[in-house]
Amino acid sequence: MFKAMILMLAVVATVWAGTADFIFEGAGITPIGGWGENLSNGLAGGLYANWLFSPKLRAGLGIEGAVFGDANQGSASFTQLKPMGTASFFLRPHGVIFNPGVVVGFGYCRSRLASGGGIDPESWDMFWRAGIRWNFSLGSPWRAGLGLDLESVIASEKPGDAFKLTFGVSREVQL
Amino acid sequence: MKNTVATVTVIFLLLSLGCDSNPLYFRLSSDYFPISPAGATWEYTIDGGGSRIVTIVDQTVVGERPCWRLQSGADYNYWINENGRLEKYEDHTVLFNGFEVPIYQAWITMFQWPLANGMTFRDSVSAQAVSQGVTLSHTWIRNQTVAGPEVSPDGVWSDCYRIHQEEIIINWIQTAGFAPETTTSVRNIWLAPDVGMVMMQSADSLITLVSFTGGEE
């Protein structure tokens, strides 16, 4: 509940900003630890909307979906849906070629396993991510970013950690 | 804008209140049927008296494939756990004139990983052999359904998957005086994470794990 309140405060705070940044990000996910032993690497796609508190600091909301297949040509599939609050800080926000930054995210992850015609009970767990970005211009107002993320689903008994390689395209919009 | 913020906030609050967490990642990373390393031992009690000890003996080669040999009482059986599936070497015989006539030997997939509630498996074999001039035919069908996760009936093990197994064997000695003989056996097997079988219940027996010792890697 405490963490939901933090999310709520972040959302309310964004009301005071006037510029939004919309991002579409695709990613390849590699599970870390035994939970991915029978699953293939995953593919993810996410949409994020951030408000700019300053050119360097932004925060907002996003949602990401990820899907993993069977590592052994079987019928298993594993999906994640992650609504989250995000924040990012960039060092050179108007840099044409090199604008390094860090991103963090916190939210919930809905995990679902299907295998051999069966479906396990789905699980909702808290989730965090942290990563670095190399942001660059694609020609105003479009920008793109390459990144690496470490993320973890804080599930009971054992976390679902993963490493992620991302590529995203973004556009700033004056509201 | 304020309405949007309020809506999003309410969605997050509802999510935080209504979330159903279960150790899905733990189950995904657990081995539900460990067959290595050598030395691992399971000791079971048999309802009504007696016990059974199952031990992983060593690695060997059966049917041109490297596998693990397990000893259960006086019997040996052979297992492979690789490429997301657990395979058992099935050695079927038919009793005829006091002899166990070998009729079918092969590796058959027992389970595919990961297990999930409602998963089903069906395996079947049809084979024939000739012994002392008589044709013996053998049909074997195994249907399995996975349920869970659940706590084992003795309340000791959580996050178990229950395998409901139905095995039908039809043996037919094709000579005068013999008719097809059908045997049906139904059992429930509870598998616990990183332990394996902790309980097996059939029409005439109930076996329960009393101790488990992992072997040395």
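Biologist: In what order do the elements of chain A run from the N terminus?
Modeller: They run α-β-β-β-β-β-β-β-β-β. That comes to one helix and nine strands. Helices (H or I, at least four residues) and strands (E, at least two) are DSSP runs, numbered from the N terminus.

Biologist: What should I know about the model itself?
Modeller: This is a predicted model, where local features need pLDDT of at least 70, side-chain atom pairs count only at pLDDT 80 or more, and totals for chains, interfaces and linings use all residues. Residues are numbered from 1 along each chain as its sequence is written, chains are lettered from A and ligands numbered from 1 in the order in which they are written, and side-chain values use heavy atoms, with hydrogens and water left out.

Biologist: How many residues of chain A count as buried?
Modeller: Of its 175 residues, 47% are buried. Buried means under 20% relative accessible area, exposed over 50%, and partly exposed in between (1.4 Å probe, protein chains only).

Biologist: Switching to cysteines. How many disulfides are there?
Modeller: Zero, over all chains. A disulfide is a pair of cysteine sulfur atoms within 2.5 Å.

Biologist: A:Cys109: buried or exposed?
Modeller: A:Cys109 is buried, because its relative accessibility is 0%. B:Cys67 is buried too, at 1%.

Biologist: Where is A:Ser170?
Modeller: In strand 9 of chain A, residues 160-174. A:Ser170 has a relative accessible area of 7%, so it counts as buried.

Biologist: What does A:Ser170 touch?
Modeller: Leaving out residues up to four places away in sequence, A:Ser170 touches A:Asp21, A:Phe22, A:Ile23, A:Pro141, A:Trp142 and A:Arg143. Contact means heavy atoms within 4.5 Å.

Biologist: Over to chain B. Where is B:Pro180 found?
Modeller: In the loop between strand 9 (160-173) and strand 10 (181-192) of chain B. B:Pro180 is partly exposed, since its relative accessible area is 47%.

Biologist: Which residues is B:Pro180 in contact with?
Modeller: B:Ile170, B:Asn171 and B:Trp172, leaving aside neighbours within four places in sequence. The C-alpha atoms of B:Pro180 and B:His138 are separated by 9.3 Å, and the two residues are 42 apart along the chain.
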